[in-house]
Amino acid sequence: MSIVKVSNGGFDGGKFKSVSATTPTASATTFIIDYLIVAGGGGGAGGNWGGGGAGGGMLLEYSTERGGGQYEYTDIPLEIVVGQEYTVTVGAGGAGSTTGSDSVFANLTAKGGGGGGNLSGNTGNAGLVGGSGGGGGAGFNNPAGGNPYENQGNKGGSGGGVGSGVAAAGGAGGAGGTGGTADNSGLTTGGNAGAGRYTTITGSSVGYAGGGAGGANLNSVPNNSGNEGGGNGASGQNGVAANAGQVNTGGGAGGGSSSSGGSGIVILRFPTADRSITVGAGLTYSSATDGSDTVVSFTAGTDTIVFS
């Protein structure tokens with residue numbers, strides 16, 4: 001069996017760099033680890049016509065779920081050296097139309113979800129670039145959704161025009177799908193939120209990195225908004241407030257109320273036998289077992305870890 005060893009920075013302009021195929025040999029000093037790295041979700045833009053915040057970038061390598069293109073975002077086995085320090089950083093969600101913070105493990109970086117675009121006069125701002133792209137704000141110019149960081153998420157949807165006080169914004173992208181465009185006929189409904197992705201790396205199926213739905217000033221947002229940690233968008237006339245992204249899912253915030261994206265998470269899974277981990281005081285974490293594996297979930301902070 002061959003593996004790919006990540007070294008020298010991990011990313012370059014959105015692409016993995018310094019990647020070389022190697023053949024592992026039996027050794028007490030190295031082992032292969034499964035991981036989930038989700039960045040903080042993007043913030044939703046304020047005003048009734050703000051675009052949704054995007055889901056944080058999602059990097060997943062879980063051997064049980066590998067293959068068939070189901071998780072094409074990473075699928076890069078990472079070789080861990082026993083006794084070497086590795087940095088873990090859990091990204092915070094972005095506040096009101098700002099991009100979420102990156103999450104890090106070793107040389108892998110998940111990029112924060114893009115913030116939603118807002119309305120300025122009758123001209124809307126585009127959604128921001130991120131792990132997934134933020135939704136475009138409302139505006140006559142039909143502002144575009146933000147683009148995703150390569151291999152980590154999906155594009156945001158565009159916003160709709162403004163007329164007679166009626167407008168709607170685009171939904172943000174998620175790890176599992178693109179954000180929806182605003183209703184450009186009646187301009188009454190914000191764009192759908194992009195779907196997140198599910199994984200069973202913790203032992204049960206959990207969804208992460210869903211986008212936030214776009215805001216609108218008339219009808220409520222679609223029922224399928226806010227999936228996998230993302231928030232529903234606002235509807236001004238009906239008094240529906242936007243939801244923040246769910247913590248530790250990397251979900252994007254709904255557009256329309258300057259809501260914050262959800263914080264990210266870093267999850268590591270490795271065989272329990274003959275392995276232990278030392279965690280720096282700057283990290284908040286929990287540990288559990290699933291079958292013969294240990295699963296460590298980091299939910300806040302930044303510091304180093306060491307395997308022994």
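Helices (H or I, at least four residues) and strands (E, at least two) are DSSP runs, numbered from the N terminus. I worked from a predicted model, in which local features need pLDDT of at least 70 and side-chain atom pairs count only at pLDDT 80 or more, while totals for chains, interfaces and linings use all residues. Residues are numbered from 1 along each chain as its sequence is written, and side-chain values use heavy atoms, with hydrogens and water left out.

Entry on backbone angles. I looked up Asn248 and found it in the loop between strand E14 (206-208) and E15, with a positive phi of about 60 degrees although Asn248 is not a glycine. Most residues other than glycine have a negative phi. I noted Asn142 as well, which has a positive phi of about 45 degrees and lies in the loop between strand E12 (123-124) and strand E13 (197-199).

Entry on the core. Of its 24 residues, Ile33, Phe105, Leu268, Phe298 and Ile305 touch the most other members. Strands E5 (30-38) and E15 (265-271) are among the elements that give two or more residues to this core.

Entry on rings. I counted five aromatic pairs, where rings of Phe, Tyr and Trp (its six-membered ring) pair if their centres lie within 6.5 Å, and planes under 30 degrees apart count as stacked, over 60 as edge-to-face and the rest as tilted. Tyr86 and Phe105 form a tilted pair, 6.2 Å centre to centre with 45 degrees between the planes, and both are buried.

Key: Core = buried A, V, L, I, M, F, W, Y, C linked by side-chain atoms within 4.5 Å. Buried < 20%, exposed > 50% of the residue type's maximum accessible area, 1.4 Å probe, protein only.
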